[in-house]
Amino acid sequence: MTRRTVLTAAALLLTAGAQAQGIQDRTLRIGTTVPADHPISLGAKKFVEIVAAKSGGKLKVKDYPALQLGPELQQQSALVGGVQDMFVPSTASLAGVVREFTLLDLPFLIRTSAQADALMDGPFGQALLAKLPEKGLVGLAIWENGLRHVTNSRHPIQRLEDLQGLKIRVQQSPVFIDVFKALKANPVPMSFGEVYGALESKALDAQENPLLVARSAKLYEVQKYASTTGHAYGVLVVLVSKKLWDKLSADERNLLQAAALEARDYQRQVSREQARKAMDDLRAAGMQINEVSAAERERMRQATQPVTDRVLQSYDPALVRLLRSELERIAYIS
Ligand code: EAX
């Protein structure tokens with residue numbers, strides 16, 4: 001090996017070494033939409049811990065649960081503008097920035113957490129994440145919210161017809177508005193931060209979310225009934241502002257990416273553990289909970305099929321083909 005080659009190799013090693021120290025002292029802020037005790041916010045708390053550990057305390061992240069940094073659409077805009085570092089919104093509000101995330105909110109798409117993991121962590125979920133950078137966002141991981149059910153203050157939802165005329169809060173997403181119109185309800189799009197007050201004042205009759213969200217946001221204080229419609233499977237995306245991302249070193253990016261995925265596995269586990277007891281917790285808090293029969297869920301699915309058909313026709317056929325093939329692949333995952 002010539003003297004020149006030795007020197008070059010040494011220089012490369014030194015550079016790599018320096019890069020490995022490429023972690024600067026930074027303090028980042030991450031927002032979540034739900035109270036601190038909800039698995040989404042617990043996932044953010046775990047992310048904070050992992051980043052601190054991996055960076056030797058140089059990278060500090062401060063978490064702000066329960067929309068403390070503002071409503072969903074405002075926090076998303078703040079990331080795009082580079083005035084906020086991180087946020088974990090549901091795909092419903094994110095669809096306002098990257099419309100293709102609507103495809104994950106289609107009704108009755110998936111029913112089990114195993115199917116959700118297979119879809120989100122497979123080529124379709126990755127294809128959606130790849131669409132974020134051009135809109136000023138970077139997606140690090142897809143976290144779990146869970147199967148969405150209807151709660152209301154009027155009556156149990158036993159049959160499709162029981163949804164008729166219900167003034168129901170939905171997420172700020174055209175597909176949720178269209179789905180509940182197809183179910184003959186009266187959907188009102190709204191930030192999650194306004195839901196408790198709207199239900200308490202009876203301005204609204206109902207809302208739809210996983211039971212854990214109802215428990216964490218204390219909706220049992222303003223909702224008498226919960227009914228397992230299971231009409232959608234909610235997921236969220238761990239977002240970083242691309243304006244921040246572009247300033248980070250490769251080591252900082254790799255560290256945040258690894259931490260988001262490690263926190264994802266923790267978050268999903270906690271979410272599923274807690275979801276198993278959410279129904280009992282809500283009953284203990286005074287809610288009346290009924291299981292909607294498979295036959296009535298099928299009637300609801302059929303009633304919303306025209307919405308699904310219309311949505312699928314309005315997206316890139318190649319992406320829709322990928323979704324369809326992925327749904328076939330996961331169909332038999334229980
Ligand atoms: O982001 O807005 C909603 O109903 C979401 O499911 C919830 O806040 C988690």
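**Notebook: salt bridges and the ligand site**

I counted 20 salt bridges in this predicted model, taking as one a side-chain nitrogen of Lys or Arg within 4 Å of a carboxyl oxygen of Asp or Glu. Residues are numbered from 1 along each chain as its sequence is written. Because the model is predicted, local features need pLDDT of at least 70 and side-chain atom pairs pLDDT 80 or more, while totals for chains, interfaces and linings use all residues, and side-chain values use heavy atoms, without hydrogens and water.

I then turned to the ligand. Around the ligand (a heavy atom within 4 Å) I listed Thr33, Val34, Ser90, Asn145, Arg148, Arg169, Gln171, Phe192, Asn209 and Leu236.

For polar contacts (N or O atoms within 3.5 Å), I noted a ligand oxygen 2.7 Å from a side-chain N or O atom of threonine 33, another entry at 2.8 Å for arginine 148, and one at 3.0 Å for asparagine 145. The protein buries 98% of the 260 Å² that the ligand exposes when taken alone, by the Shrake-Rupley method with a 1.4 Å probe.

Terms used:
Polar contact = N/O pair within 3.5 Å; in protein donor to acceptor, adjacent residues only side chain to side chain.
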